[in-house]
Amino acid sequence: MSEKKTEVAILAGGCFWGVEEILRALPGVLDTDVGYTGGWLEHPVYDDTHDSASGHAEAVRIVFDPTVLSFESLLENWFFRLHDPTTLNRQGNDVGTQYRSSIFYTTPEQRETAEIVKARVAQSGLWKRPITTEIAPEATWWTAEGEHQDFLQKNPYGYNCHYMR
């Protein structure tokens, strides 16, 4: 019996609650974890991310089966459609660097795929303004506090600015 193949994607597209809620339901997604990455403060908590105090983005760490869901499809068909990648450091009413659009690649292949998909999305006409999504190497991952995990499952009427475009 062969072991299931997995890959990790780390994506930031605004408030992590809404990003997690959309991605968790995709076929091939095995696990999601919301947290903070890309900043300088060690052991950040939710309040540390506001007002650009830590440099961290609210992000989702996705474990997925690439034989069911490719990284390319995750980016092109989901990530670049579930948030507005043209609004620098903003999603809806959420403003600040913690809400930036970022792909934190975990392998050189992910970096190459991210660059290709970003360019393709920019040329697609879906967005009328330039894509501001940063593509950066993965950084230390800090898991968010328990109350933020599965937030919209626990609070189905909670704030969410994410939807498929």
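## About this model

At 27% relative accessibility, Asp150 counts as partly exposed, a class that runs between buried (under 20% relative accessible area) and exposed (over 50%), using a 1.4 Å probe and protein chains only. This is a predicted model, in which local features need pLDDT of at least 70, side-chain atom pairs count only at pLDDT 80 or more, and totals for chains, interfaces and linings use all residues. Residues are numbered from 1 along each chain as its sequence is written, and side-chain values use heavy atoms, with hydrogens and water left out.

## Two positive phi values

Let's stay with Asp150 for a moment. Its phi is near 55°, a positive value in a residue other than glycine. Most residues other than glycine have a negative phi. Asp150 sits in the loop between β8 (142–143) and α4 (151–154); helices here are DSSP runs of H or I with at least four residues, strands are E runs with at least two, and both are numbered from the N terminus.

Asn89 is not a glycine either, and its phi is positive at about 55°. You will find Asn89 in the loop between α2 (71–82) and β4 (90–91). Its relative accessible area is 22%, so Asn89 is partly exposed.

## The setting of His162

Now follow the chain to the segment after α4, where His162 is found. Is His162 buried or exposed? With 7% relative accessibility, His162 counts as buried.

Leaving aside neighbours within four places in sequence, His162 is in contact (heavy atoms within 4.5 Å) with Gly13, Gly14, Cys15, Gly18, Val19, Ile22, Leu82 and His83. For Gly13, the backbone oxygen lies 2.6 Å from a polar atom of the His162 side chain.

Technical notes:
Polar contact = N/O pair within 3.5 Å; in protein donor to acceptor, adjacent residues only side chain to side chain.
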